[in-house]
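Here is a short note for a colleague who is opening this structure for the first time. Please keep the view open while reading.

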Amino acid sequence: PYHYVPTEWICVLFVVLYSISAALHLGQALKYKLWWMIPMATFVGLLEILGWSARLWSSRNPRLLTHYEMQIVGTIIAPTPLVAANFIILGKVITQIGSQYSRLTPKIYTIIFLCFDVVCLIVQAVGGASAAHAASTKTNATMVCTSSHVSQGANIMLGGIATQLFAIVIYVTLAAETLLRLRYNMPFRYVDQPRILEKGQPAVSKKLQLMLFGMAFCTLCIFIQSVYRTMELANGWAGPVISTERYFDWLDGGMVTLALYTLNFFHPLEQFFILSLTLSN
């Protein structure tokens, strides 16, 4: 079903990398009591472990469809909660730097984009289940792929990923506007207790710049992965993209790995604590 045999050592490598990152995220979430990071980051690692373990098994038994179905569902759904994590983090950053610079309030920002993410997750899960069922039956019309259309399951997943891409673009646009307004001290609205910059005080501290860099890099990784998945599904089940292993290894596995480890190194609570001290001083 892969059109190739997954390389065993690559599968082992990603299982190990995701296991380490998931364990770190769980430990960080428990240590700092940041419970929302468990479904947002630890769960991503667990889904990726599931998907890549299935690919590892497929490297030894490439004709088994059950493991192919598992890796479809696991690797398609896994990155979506990471997007939600970035949405929540940016809302908290806006609260710290001053909500007057944001077009949306932190609460509305979080609600809207989390709703987007939940819709994406549900659509991708339904599409993944449909595609997995099609792979197991092989008689289902959803597995038919021609040059003019892709399968029903792939179309459903494609819709979910396209929605996710749209949400990411809007998220980046609003975040960029907020930072530009902060940089040039151009508030969008007036608040009761605005943040007032002292003379010579930079609008964005070095600590905040570092944190925003981490968020931007994480978002870029997920964006690249989403673009790859969009191209993969748009080309169909027998297309050149889905049939090339190195594309999947680099543009899916590699990008999600980088995104997860970025959140490990730029952990929200540690950065918010530093940011709070910086702003209070």
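Which residues make a nonpolar surface patch of about 480 Å²?

1. The patch. L220, I224, Y247, W250 and L251 make this nonpolar surface patch. The elements that give two or more residues to the patch are α7 (206–234) and α8 (245–265). The largest share comes from α8, with three residues. Patches are made of residues with over 30% relative accessible area and no salt bridge; like charges are joined within 9 Å, and nonpolar side chains (Val, Leu, Ile, Met, Phe, Trp, Tyr) within 5 Å. A salt bridge is a side-chain nitrogen of Lys or Arg within 4 Å of a carboxyl oxygen of Asp or Glu.

2. What the model is. This is a predicted model: local features need pLDDT of at least 70, side-chain atom pairs count only at pLDDT 80 or more, and totals for chains, interfaces and linings use all residues. Residues are numbered from 1 along each chain as its sequence is written, and side-chain values use heavy atoms, with hydrogens and water left out.

3. The fold in outline. The protein chain has nine helices and zero strands. Helices (H or I, at least four residues) and strands (E, at least two) are DSSP runs, numbered from the N terminus. Along the sequence the pattern reads α-α-α-α-α-α-α-α-α.

4. Burial and surface. Of the 281 residues, 50% count as buried. Buried means under 20% relative accessible area, exposed over 50%, and partly exposed in between (1.4 Å probe, protein chains only). The protein chain exposes about 13500 Å², and carbon and sulfur atoms supply 69% of that area. Areas come from the Shrake-Rupley method with a 1.4 Å probe; for residues, only the protein chains shown count as cover.

5. L251 lies in helix α8. Its relative accessibility is 31%, so L251 counts as partly exposed.

6. Contacts. Contact means heavy atoms within 4.5 Å. Among contacts between residues at least 6 apart in sequence, 81% join residues at least 24 apart.

7. P6. Look in the segment before α1 (8–32) for P6. P6 counts as buried because its relative accessibility is 3%. Neighbours within four places in sequence aside, P6 is in contact with C11, R55, S58, S59 and E245. R246 is 240 residues from P6 in sequence, yet their C-alpha atoms are 9.7 Å apart.

8. Q28. Helix α1 holds Q28. At 14% relative accessibility, Q28 counts as buried. Its contacts, neighbours within four places aside, are N264 and H267.

9. Cavities. How many cavities of 30 Å³ or more are there? The count is four. On a 1 Å grid over the protein atoms alone, a cavity is a set of points where a 1.4 Å probe fits but cannot get out; a pocket is an open set with protein on both sides within 12 Å along at least five of seven lines, and lining residues have an atom within 4 Å of a point. Points are joined across faces, edges and corners, and a volume is the space filled by probe spheres set on the points. The largest cavity holds about 140 Å³. Of its 16 lining residues, Y68, Q71, R229, E232 and I242 are the closest to its centre. The largest share of that lining, five residues, comes from α3.

10. The largest pocket. Its volume is about 250 Å³. The lining has 14 residues, with Y171, V172, A175, A216 and T219 nearest the centre. α6 gives the most to this lining, with seven residues.
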